[in-house]
Amino acid sequence: MSSRFFATGSDSESESSSESEEQTVVQAKSTVTTKVFAFSDDEEETKRVVRSAKDKRFEELQNVIKQLRNHKKIKDISKVLETFEDLTKALQKSQKVIEKEGGVPRFYIRALVELEDFINETWEDREGRKKLNKVNSKALTTMRQKLRKYNRDFEAKIASYRENPDVGDEQEAPEDDRDKSDSESDDDDEAVQKKKSAVPADAAPDMKSQFLKGGDSEGSDDSDLDWPSDSDSESSDSSEPEGGYTNMAAKFLKKTTAAEEAAKAARKQEKKERKAREQRREEEERELEEGEWTEVQRGAPMAMEKPKMFAKGTEINHAVVLKKLNEILAARGKKGTDRSEQIMLLGELRRISEENNLGLGMTVKILFNIVASIFDYNPNIATCMKDEMWAKCITYITETMDILIDNTNIFVGANVLEESEAIEAEPFRVRGCILSVMERADEEFIKMLQACDAHSTEYVERLKDEKKIEVLVVRLQKYLEERGTSQEICRVYLRRIEHVYYKYDYEHYKTADLIRKTVEQKEEEAKDGEVEAKDGKVERKDEEVEGKDGEVEGKDREVTPQEKGGEEAKDMVEEQKQKEKTAVIMDKLCKYIYAKDTTDRIRTRAILCHIYHHALHGRWYEARDLMLMSHLQDTIQHSDVPTQILYNRTMVQLGLCAFRYGNIKDAHNALLDIQSGGRAKELLAQGLLMQRNVERDPEREKIEKRRQMPFHMHINLELLECVYLVSAMLLEIPYMAAHEFDARRRMISKSFHHQLRVSERQPLVGPPESMREHVVAASKAMKIGDWRACRDFIINEKMNGKVWDLFPEAEKVRDLISRKIQEESLRTYLFTYSAIYDSLCLVTLAEMFELDGPVVHSIISKMIINEELAASWDEPTQTVVMHRSEPTRLQNLALQLSDKLANLVDNNERILEVKQGTSAFYTRQGEGRFGRQGKERHHQGKERHQGKGQSGYHQQQGRGYQGQRRDRGDRDRDHNKGYQNKGYNRW
């Protein structure tokens, strides 16, 4: 036995030397070493397997596919998505190998088909989809879209596989393994032959190598009887390691026969065919529902053929057309539906209907559906309609409107049920609302304007379509006035109002200028024929001159030239009222809504538009009265956001109207809320403000962008700010001069004070450049009474170009501002320098500020009446006598100090009483808030205030400061009594 095992020589050295010459080898350590046969360390060699690039790449693909199947079993859709992405990447890496082999391997196509079937089954299982978590549900949608797109590149191979799923499917991977094992066995046979030739004949056979590799056939004849040969061993199991029998049981397992394999393959084939038939049936049903993909050819697009709506020889009648219409509409809204093709199909159906004379009812019904399909063409609500679709939409709406207006026997309405429609015979009843269609078209037009660049020619071209929209609204208004309900009429009236209210009627002011010039000419003629009027009694505000010399007695007196001119002017005004189309239209539409509307929103928007229109055209009193009577300022916070934006726009326009009319205080109050926060741009929906440290939500930003006003409806923000700052200057500067030494002086405008402080902090103040700098420079000039410098800063070429020329009657506005600057500069001058003068001459003040004598007299008289100025008139000499009541700066500071000390003493006494507990005791005894002692101290405090001199404090009260002293209680009344009794004798 020993000679049998050790007779042959060792083949390990020759085997290792021969295999080292191979180039494409992979070294791998033997994982299992049988200790029984491990006689020495020389036998622990590495296994070298020859593997091609194809084997490597295909094995990588098969491993990923195996992972994919495991994830499908547990329905982990998110992992399926990740593994699918890994599979596509692995295929890209194997691209060179695939090109050499002639195409994508069949097992890869099989994996794609199985994955597609799995995704479709999961998607169609609605109950199962509802049970998926959020991650898997989202991954399912993404996976379905990606797989559809990816499988387009393998459509032909997938279709071929679905037809014959069994051909080469099961045998492909085993054949590859057999090819691999055969090639390895051939290489091993060649290596064995080399080994046999290399071993010398007299070499002693090695028992270990004989046992491991099978002894040499020439060296031992008995070995062939007991052990298999090298070639048999290698071919029977190519995967067995060469170094030892680590898989000995595989050599003795029972091998399946050919008949059993054929039966097994037949069962698998039958199962595959059954599954393939089910998949083909489902695919055909899906294609019928969603349509098919069409291959796009290269080059210029070919003319599309008209779709065949009906089979040849089909009788076209109402039932057939309605059935086809319902089939087309059934696909509406589905994801796979081609929207442009649907519009084309509906247009073709309309043509067929008209060719077969199916009546106007059928035409109107199809037109309503065509317009609805055009509105649905763009599924994203945030984006606007395309130009070509917009043109089609306007065309179809116009055609529908023409049919409805010309044919009174067609009734349309949203309340008409489909069961009660009458399309075949007159009178026709069709389900549909032309008013809703028009409102939707108007909203789409606004969205198109919002999407355009406001400074481009595209915006101008798109804005031209507004005339078409307005014409359609007017035609719809006439149609609904005859056939619509009152609520529908209110809706169309509001739509008409919203297209009119913001437009300025220049024709009105051209005629108004003509009327004013005619009246002035008649007045000049009347002045020449009149007797001289009394000097100084002419009111500057009234441009009419009344003759005061003589009175005409009797009933049949002659008409003066002035009255004749006034009558002619009245006639022209009446004619102008008839010509003011927009004012008449707005008045008619709004009054109908006020009377008939039952919803708050339409009436509220109509009121705001009416006020806006009045204010835009300078009708201040009508706009103000309508705003006050509506009480919208109390309830506007409960309205929707677009209505609040309209309210802000209306208040701004009301403030501008008040400024043009000369009501500076009303203008400032109207603009205060909009301008005080620095968010005028956002409040008027004219843009989004980028705020620091605030992250804007993308969804909220989209919503705010949809609320923005089109550019042609914007209000100039620089004009708005300038009017606000000028109004604040005219109010604040005289107030600051009157309360210069008042510690509790309130601010009328915080933003105006902010601009003043910014200017004061600058180390070097140059000439003004911006609008704000002009207003600040004018304010500094007004402080010292220099009205000419103030006027020059406000009214100049730069400010005219930026601001004042934007007003309709720019020259009139500039004259008004100049007059207001003169008047407020006079008030500021008197407040600032009244303590210096004993008396001031009326004529001198009139010449200094270039005002008429009566105007100066009126201003000073109002100041004396309102107790803003301690002075009196000396009528014979026309002078203002000052009472020398203004305290000096030192006296003002002393009064402030005493006031603060009195408050400090009161506070200390209250704290002391609380600590001692006397306050609660005396309160229980009914002695008042602070008890008997506290009441005595309170009266002592009042006596101190009465005795410290009545100049200054009450004077400050007379300047509009009463509201800031309410906490003093009885001390104010006692103080007033002392002022009436003692006067200003203290100083």
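Author: Gladly; what follows goes from the whole chain to a sheet, then to some loops and charged pairs. This is a predicted model, in which local features need pLDDT of at least 70 and side-chain atom pairs count only at pLDDT 80 or more, while totals for chains, interfaces and linings use all residues. Residues are numbered from 1 along each chain as its sequence is written, and side-chain values use heavy atoms, with hydrogens and water left out.

Reader: How many helices and strands are there in the protein?
Author: Helices (H or I, at least four residues) and strands (E, at least two) are DSSP runs, numbered from the N terminus. Counted in that way, the protein has 45 helices and seven strands.

Reader: What share of the 987 residues counts as buried?
Author: Buried means under 20% relative accessible area, exposed means over 50%, and partly exposed lies in between (1.4 Å probe, protein chains only). Of the 987 residues, the part that counts as buried is 39%.

Reader: In which order do the three strands of the open sheet stand?
Author: Two strands pair if DSSP finds at least two bridges between them. β5 and β7 pair in the antiparallel sense over three bridges, and β6 pairs with β7 (residues 879-882), also antiparallel, over four bridges. β5 (839-841) and β6 (871-874) each have a single partner strand, so one side of each is left without a neighbour in the sheet. The order is therefore β5-β7-β6.

Reader: Which residue of β7 stands opposite A871?
Author: Several pairs can be followed along β7. C841 stands opposite T879, and T879 is also the bridge partner of D874. For A871, the residue opposite is M882.

Reader: Which residue takes a positive phi in the hairpin of β6 and β7?
Author: Most residues other than glycine have a negative phi, and most peptide bonds are trans. This hairpin has four residues between the strands. The positive phi, near 55°, belongs to Q878.

Reader: Which helix lies across β5, β6 and β7?
Author: Contact means heavy atoms within 4.5 Å. Axes are lines fitted to C-alpha atoms, for helices over the stretch in contact, and angles run from 0 to 180 degrees between N-to-C directions. The helix in question has residues 842-849 and runs at about 65° to β5; this is α39.

Reader: Where does E850 lie?
Author: Phi of E850 is near 55°, a positive value in a residue other than glycine. At 45% relative accessibility, E850 counts as partly exposed. Its place is the loop between α39 and α40.

Reader: Where does E867 lie?
Author: E867 also has a positive phi, near 60°. With a relative accessible area of 38%, E867 is partly exposed. E867 is found in the loop between α40 and β6.

Reader: The peptide bond from E426 to P427 is which, cis or trans?
Author: P427 sits in the loop between β3 (410-413) and β4 (428-431). Omega of the bond from E426 to P427 is near -10°, and the bond is cis.

Reader: How far apart in sequence are the parts that R332 and D376 tie together?
Author: A salt bridge is a side-chain nitrogen of Lys or Arg within 4 Å of a carboxyl oxygen of Asp or Glu. R332 and D376 form one, with the closest N and O atoms 2.5 Å apart. R332 lies in the loop between α15 (318-330) and α16 (339-355), and D376 in the loop between α17 (360-375) and α18 (387-406), so the parts that they tie together are apart in sequence by 44 residues.

Reader: Is E466 buried or exposed?
Author: E466 forms a salt bridge with K503, the closest N and O atoms being 3.5 Å apart. K503 counts as partly exposed at 28% relative accessibility. E466 has a relative accessible area of 10%, so E466 is buried.

Reader: How many salt bridges does a search of the whole structure find?
Author: Side chains of opposite charge can pair when their charged atoms come close. One further pair is K812 with E809, the closest N and O atoms being 3.9 Å apart. Over the whole structure, the number of salt bridges found is 46.
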